[in-house]
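This briefing covers selected local features of the structure shown below. Points are grouped by topic.

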Amino acid sequence: MFIDKILTAIFGSQNDRDLKALKPILAKVNAKEEWAKSLPAEEFPKQTERFKEELKQGKTLEDILPEAFALVREASWRVKEQRPFDVQIMGAINLNMGRITEMKTGEGKTLVAVIAAYLNSLSGKGVHVVTVNDYLAGRDADTMRPIFSYLGVTVGSVLSDMDNEARKIAYNCDITYGTNNEFGFDYLRDNMVIYKENVVQCKGHNFAVVDEVDSILIDEARTPL
């Protein structure tokens with residue numbers, strides 16, 4: 001314990017080191033802010049297409065992250081007058097790394113998810129945003145759709161009362177909002193269909209942002225799903 005305290009005093013806590021590692025990436029995003037501000041509205045979907053092409057040519061998501069995040073930040077400001085704060089950008093960087101980002105109620109989790117989801121949608125393989133109930137899935141998809149539309153990205157939501165055709169359309173979007181139950185049971189049903197055309201999760205499973213991760217992966221894990 002005494003050695004741990006000494007090491008923490010010298011090198012900082014794990015959280016301090018993690019935050020320190022995010023700051024250079026944040027600086028690159030901030031450096032692109034004026035570039036994003038200079039773009040006319042019609043350039044935003046064109047930049048999205050440029051990012052997709054660069055990924056096809058061998059660039060990684062991390063390569064395009066600074067410009068992509070700066071573009072989302074500016075789109076959010078223009079459409080909803082919400083400019084993601086630096087801490088929200090850092091939260092999205094953390095999500096992109098596959099880590100848990102802890103945020104209090106009111107700190108803008110929904111917007112953080114938008115930033116990470118946009119970046120990962122550029123691969124064309126689809127993104128799932130997982131939340132705890134139908135109301136939140138529908139609300140968040142509808143609330144954030146104008147930002148995604150400004151960027152040239154399609155958004156759908158999977159709700160419990162939807163038929164298979166509606167589900168397929170939602171899953172075919174660049175980003176799909178839904179609950180853990182709907183995503184989970186659709187996956188199980190897809191693995192039982194006889195004909196491939198009846199599969200609804202047509203884009204497969206590429207990247208997911210899980211809201212209320214403690215509830216979904218711990219509390220809900222008590223059920224078979």
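Glu220 counts as partly exposed because its relative accessibility is 33%, a value between the 20% and 50% limits of that class. In this predicted model, Glu220 is placed in the segment that follows α11 (213–219).

**Surface patches**
- Glu220 belongs to a patch of negative charge on the surface, together with Glu102, Asp214 and Asp219.

**Strands β1 and β4**
- Strand β1 (residues 127–131) and β4 run parallel and are joined by four bridges.
- His128 has Ala208 as its bridge partner in β4.
- On strand β4 (residues 207–210), Ala208 and Val210 form the uncovered face, whereas Phe207 and Val209 form the covered one.

**Positive phi values**
- Most residues other than glycine have a negative phi.
- Glu81, which is not a glycine, has a positive phi of about 55 degrees.
- The loop between α5 (61–80) and α6 (86–96) contains Glu81.
- With a relative accessible area of 62%, Glu81 is exposed, because the class begins over 50%.
- Glu212 is a residue other than glycine with a positive phi, near 50 degrees.
- Glu212 is found in the loop between β4 and α11, and its relative accessibility of 34% makes Glu212 partly exposed.

Technical notes
Residues numbered from 1 in each chain as written. Predicted model: local features only at pLDDT ≥ 70, side-chain atom pairs only at ≥ 80, totals over all residues. Heavy atoms only, no water. Patch = residues over 30% accessible without salt bridge, like charges linked within 9 Å, V, L, I, M, F, W, Y side chains within 5 Å. Areas by Shrake-Rupley, 256 points an atom, 1.4 Å probe, with all protein chains shown as cover. Salt bridge = Lys/Arg side-chain N within 4 Å of Asp/Glu carboxyl O. Lys, Arg positive; Asp, Glu negative; His and termini not counted. Charge placed at Lys NZ, Arg CZ, Asp CG, Glu CD. Helix = DSSP H or I, 4+ residues; strand = E, 2+ residues; numbered from the N terminus. Buried < 20%, exposed > 50% of the residue type's maximum accessible area, 1.4 Å probe, protein only. Pairing = 2+ DSSP bridges.
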